[in-house]
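Take a look at the chain below. The report after it goes from the overall fold down to single residues.

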Amino acid sequence: LDRNVLRGSMAFDHLGLLGDEWRLGYSLATRVFPDSASRDHLEHGVEGRWRHMFDGGHVVTIEASGRRRQTRRIVTTTRDNYREAAASLDGDWRAFDRWVVKARLEGEALHYDLEEPDVYFDYRVVRTQLGLRYESDAHWTLTLGPRGERLTAPLSPDEAYREIAGAVELEVLGRRAMWSVAPVAGWREYDGGGIASELHCSYALYEL
């Protein structure tokens, strides 16, 4: 469908050279669909970020965001009436001069005002990642470690899955650019057990 959008946003940033960094933001968007009055909606958005550096080079970063979308009129489908939220926690612990332990935990959730299990259903995702990074004095770093992901959807169990993978990331800082290559290999296992358990099948994954 054709769509016209008007969006505005504002944010407060604090970039402390010797202290904490933080950001708070808000946005408001309106979308109008000339060929479908039922899809016209407003969307509120918020975001926040805080980063703290400890003595010894250790770093903690927390980020969060949220959206609320709501139609201007009462509609028959919940497609554009939902709440969405996401948050993450990152940590870098410098074990030695050239070795850094990196950890990340993140989650996201989508909640519809009224679920439609076959199409528009609530879900939650949790992701974890752990890595050991070596920083060379020759302008390159190498990070390797496991990562995992879990999705749950109470009213649509066929969508639920578990994923485990291993990742390697090589970054090279050249004179004119920074190059990064990150191969990943893993396995995604779907729970099944719903009325349409043949909807998905488990599979191995390879990424580059």
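## Ground rules

This is a predicted model: local features need pLDDT of at least 70, side-chain atom pairs count only at pLDDT 80 or more, and totals for chains, interfaces and linings use all residues. Residues are numbered from 1 along each chain as its sequence is written, and side-chain values use heavy atoms, with hydrogens and water left out.

## The whole chain

The chain has 12 strands and zero helices. Both kinds of element are DSSP runs, numbered from the N terminus: helices are H or I with at least four residues, strands are E with at least two. Read from the N terminus on, the order is β-β-β-β-β-β-β-β-β-β-β-β. The radius of gyration is 21 Å, well over the 17 Å that the globule rule gives for 208 residues, so the chain is more spread out than a compact globule. That radius is taken over C-alpha atoms, and the rule is 2.2 Å times the number of residues to the power 0.38. Along the principal axes, the C-alpha atoms fill a box of roughly 60 × 45 × 30 Å.

How much of the chain is buried? Buried residues make up 26% of the 208 residues. Buried means under 20% relative accessible area, exposed means over 50%, and partly exposed lies in between (1.4 Å probe, protein chains only). Contacts tell another part of the story. A contact means heavy atoms within 4.5 Å. Of the contacts with a separation of 6 or more, 46% are between residues 24 or more positions apart.

## Strands side by side

Two strands pair if DSSP finds at least two bridges between them. Start with strand E2 (residues 21-32) and strand E3 (residues 41-53). They pair in the antiparallel sense over 11 bridges. Ala29 has Glu43 in E3 as its bridge partner. E3 also pairs with E4, antiparallel again, over 13 bridges. Here His41 is the bridge partner of Thr71 in E4. Five residues separate E3 and E4 in a hairpin, and Gly56 in the turn has a positive phi of about 95°.

Further along, E5 and E6 run antiparallel and are joined by 13 bridges. Leu89 stands opposite Leu105 in E6. E5 and E6 form a hairpin too, with four residues between them. E6 then pairs with strand E7 (residues 123-135) in the antiparallel sense over 12 bridges. Trp99 has Tyr134 in E7 as its bridge partner.

## Rings and charges

A pair of aromatic rings is described by the distance of the centres and the angle of the planes. Rings of Phe, Tyr and Trp (its six-membered ring) pair if their centres lie within 6.5 Å; planes under 30 degrees apart count as stacked, over 60 as edge-to-face and the rest as tilted. The count comes to six aromatic pairs. One of them is Tyr82 with Tyr112: edge-to-face, 5.7 Å centre to centre, 65° between the planes. This pair links distant parts of the chain, with Tyr82 in strand E5 and Tyr112 in strand E6 (residues 99-112), 30 residues apart. Tyr112 also pairs with Tyr120, tilted, at 5.7 Å centre to centre and 55° between the planes.

Are Tyr82 and Tyr112 buried or exposed? Both are buried. Tyr112 counts as buried because its relative accessibility is 10%. Tyr120 counts as buried at 18%.

Charges meet rings as well. A charge sits over a ring if NZ of Lys or CZ of Arg is within 6 Å of the ring centre and within 35 degrees of the ring normal. Arg39 lies over the face of Phe33, 4.7 Å from the ring centre. The charged end of Arg188 sits over the ring of Tyr161, 3.8 Å from its centre.

## Two buried threonines

Thr78 lies in the loop between strand E4 (59-71) and strand E5 (82-94). Thr78 is buried because its relative accessible area is 4%. Which residues does Thr78 contact, leaving aside neighbours within four places in sequence? They are Tyr112, Asp113, Leu114, Glu116 and Tyr120. A polar atom of the Thr78 side chain lies 3.2 Å from the backbone oxygen of Leu114.

Thr61 has its place in strand E4. At 10% relative accessibility, Thr61 counts as buried. Not counting residues up to four places away in sequence, Thr61 touches Arg49, Trp50, Arg51, Ser88, Leu89 and Asp90.

Conventions: A polar contact is a pair of N or O atoms within 3.5 Å; within protein, one must be able to donate a hydrogen and the other to accept it, and residues adjacent in sequence count only if both atoms are side-chain atoms.
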